[in-house]
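Dear colleague,

Please find the structure we discussed below. My notes on it follow directly after.

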Amino acid sequence: MISRRALLVSALAAASIRPPTACAQAAAPRSGDSTVPATILQLQRRTIQVNGKSATVFGIRQPDGTSGIITEVGKTFRVHLENNIDQPSLIHWHGLTPPYQQDGVPGISGPPIPPGGSADYDFPLRFGGTFWMHSHQGLQEQSLMLAPLIIHDDRDRPSEQEVVLMLNDFSFTPPEEIFAGLKKGGSMPKMASMATPAAAMIATAQTAGPDLNDVKYDAFLANDRTLADPEVIKVEPGGKVLLRVINGSSMSNYHLDLGQLKGELNAVDGFRTAPVMASRFPIAVAQRLDIRLTLPREPAAHPVLAVLEGDRRQTGIVLAAGPAPVARIADTVSTPSAALTLDLERRLHAAEPLRPRKADRVHTLNLTGDMARYIWSINNIAWNKDVPPLSIAKGERVELVMINQTRMPHPMHLHGHEFEVVEIDGKRFAGAVRDTVLVTPGRRVVIAFDANNPGLWAFHCHLLYHLDAGMFTTFRYV
Ligand SMILES: [Cu+2]
């Protein structure tokens with residue numbers, strides 16, 4: 001349990017919103033089903049091998065070793081979270097819509113869990129799909145304090161084999177050192193200063209070409225492994241596979257590459273879309289893709305790869321259908337991939353869109369930054385505790401107009417609410433419902449959501465060092 005005292009000294013206690021009581025569970029609306037035992041999740045340190053070298057990282061595991069959670073829609077999300085590491089931590093249930101006190105953002109949702117402490121979570125699961133969990137404390141997520149969070153629902157087909165693919169970028173350099181290096185500048189490309197008029201900055205952002213991958217990683221992981229020793233998953237020749245891809249990377253966007261296979265994309269960030277058939281799909285940081293595959297009848301090994309955007313490096317797993325040799329796959333491709341675009345986003349349509357409605361409130365959020373000093377911001381304000389929350393009111397349809405004035409892409413994530421992409425570069429459409437949308441350099445993306453989950457909520461870039469450098473803000477309503 002988080003102590004009462006810890007809560008009273010937290011920033012939240014001073015907020016006008018009702019502060020959480022002694023533990024998250026007590027503050028939550030009860031689902032009424034107290035007979036369901038809590039799933040125990042433990043924050044741990046663990047060791048992995050990366051290209052033959054061992055590395056100590058974090059993990060979120062059940063006592064039986066299961067990473068994260070697999071559950072079902074309609075069930076209660078009842079979790080007892082134990083902090084077994086030597087530093088405070090708090091876990092965010094990415095894409096879920098809990099009461100805000102259980103959202104897991106330190107200082108926003110509540111205080112972190114001290115070492116040796118625990119917290120309890122209890123809220124209904126409104127929808128199913130592919131989600132994930134990660135620390136929102138310090139730079140822990142960079143060291144793999146993350147895990148899948150899969151919620152089965154009526155989309156599941158018993159005949160379909162489920163394969164979860166978690167993508168991560170990895171560095172042997174501690175995240176604190178990486179962040180310090182970014183702030184010192186060094187190799188950072190130059191960027192328009194804050195004094196430059198916005199229109200000029202947007203023009204530069206569109207024409208000068210993007211700045212990509214500002215952290216140089218040592219390796220890219222697929223389910224904790226590199227292509228030197230990839231995970232090989234047995235599947236049936238002619239069988240059906242549901243691939244749940246989670247981009248749990250800190251800073252890296254990818255092109256998911258199915259090679260000779262074609263896949264049917266049918267959900268993004270857990271939410272159903274009208275199907276899109278392709279063999280290559282963009283996936284930005286924090287996003288998820290649900291892709292259905294029908295495998296050929298002949299025995300064969302099918303690599304499922306993720307190629308870093310604007311780069312030659314890749315990672316992946318192998319689906320081994322029947323007795324077929326698994327060839328070694330190089331960890332680089334011959335030519336650098338393109339930067340991610342919004343071409344797929346423009347084609348996506350939610351299977352269950354929001355009810356069409358005029359916006360009651362519109363917030364324009366310029367995505368801004370000073371690359372030379374590594375300060376990232378929203379409307380030129382780098383977040384700090386004194387920045388007031390953006391105001392919205394319960395029941396409103398809210399639209400957020402995001403205009404990327406920088407030369408880097410920013411995957412923007414809204415906590416506690418699913419949103420619909422309703423406009424890209426002036427063209428209105430009923431796009432995907434999701435929780436994280438990429439805004440590429442110079443582009444304008446508008447999202448809409450219903451203010452139906454009162455509280456104090458985070459909204460931020462999910463490139464972790466951009467988030468840590470200030471591209472973060474909050475919303476509050478009662
Ligand atoms: Cu960003």
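Glu-396 and Arg-361 form a salt bridge in this predicted model, with their closest N and O atoms 2.7 Å apart. Glu-396 sits in the loop between E22 and strand E23 (397–404) and Arg-361 in strand E20, so the pair ties together parts that are 35 residues apart in sequence. Glu-396 is buried, at 13% relative accessible area, whereas Arg-361 is partly exposed, at 25%.

A search of the whole structure gives 31 salt bridges. One network, joined by salt bridges that share partners, contains Asp-153, Asp-154, Arg-155, Arg-272 and Glu-352. Within it, Arg-272 pairs with Asp-153, the closest N and O atoms being 3.8 Å apart, and with Glu-352, where the corresponding distance is 3.2 Å. Glu-352 belongs to the loop between helix H5 (343–347) and strand E20 (361–370), and Arg-272 to strand E15, so this contact ties together parts 80 residues apart in sequence. The accessibility of the three residues is as follows: Asp-153 is buried at 15%, Arg-272 is partly exposed at 29%, and Glu-352 is exposed at 52%.

The copper site comes next. His-410 (ND1), Cys-461 (SG) and His-466 (ND1) coordinate the copper ion at 2.0 to 2.1 Å, and the donors follow the spacing H-x50-C-x4-H along the chain. Both Cys-461 and His-466 are buried, each with a relative accessible area of 0%.

Cys-461 also falls within the residue range of strand E30 (residues 455–461), which is joined to strand E31 (residues 472–477) by 6 bridges in the antiparallel sense. Phe-459 has Thr-473 in E31 as its bridge partner. These strands are part of an open, mixed sheet of 5 strands, ordered E22-E31-E30-E24-E28. Strand E22 (390–391) and strand E28 (436–439) are at the edges and have a single partner strand each, so one side of each is left without a neighbour in the sheet.

Strand E13 (residues 254–257) is covered on both faces: Tyr-254 and Leu-256 are buried on one side, His-255 and Asp-257 on the other. In a regular strand the side chains alternate between the two faces of the sheet. E13 pairs antiparallel with strand E16 (residues 280–283) over 4 bridges, where His-255 stands opposite Pro-282. Another 4 bridges join E13 to strand E18 (residues 300–308), again antiparallel, with Leu-305 as the bridge partner of Asp-257.

Beyond four places in sequence, the contacts of Leu-243 include Val-163, Leu-256, Leu-289 and Val-304.

Gly-117 is found in the loop between strand E5 (91–94) and strand E6 (118–124) and counts as buried at 15% relative accessibility. Its C-alpha atom is 6.1 Å from that of Glu-82, which is 35 residues away along the chain.

Finally, on confidence: the chain averages a pLDDT of 90, and 88% of the residues score at least 70. Over residues 1–32 the pLDDT stays under 50, and the model has 62 contacts beyond four places in sequence for them. The pLDDT is also below 50 over residues 186–195, a stretch with 17 contacts beyond near neighbours in sequence.

With kind regards

Technical notes:
Residues are numbered from 1 along each chain as its sequence is written. Side-chain values use heavy atoms; hydrogens and water are left out. Buried means under 20% relative accessible area, exposed over 50%, partly exposed in between (1.4 Å probe, protein chains only). Helices (H or I, at least four residues) and strands (E, at least two) are DSSP runs, numbered from the N terminus. Two strands pair if DSSP finds at least two bridges between them. Donors are N, O and S atoms within 2.8 Å of the metal (3.2 Å for Na, K and Ca); water is not among the atoms, so sites may look incomplete. pLDDT is the predictor's confidence in each residue, from 0 to 100. Contact means heavy atoms within 4.5 Å. A salt bridge is a side-chain nitrogen of Lys or Arg within 4 Å of a carboxyl oxygen of Asp or Glu.
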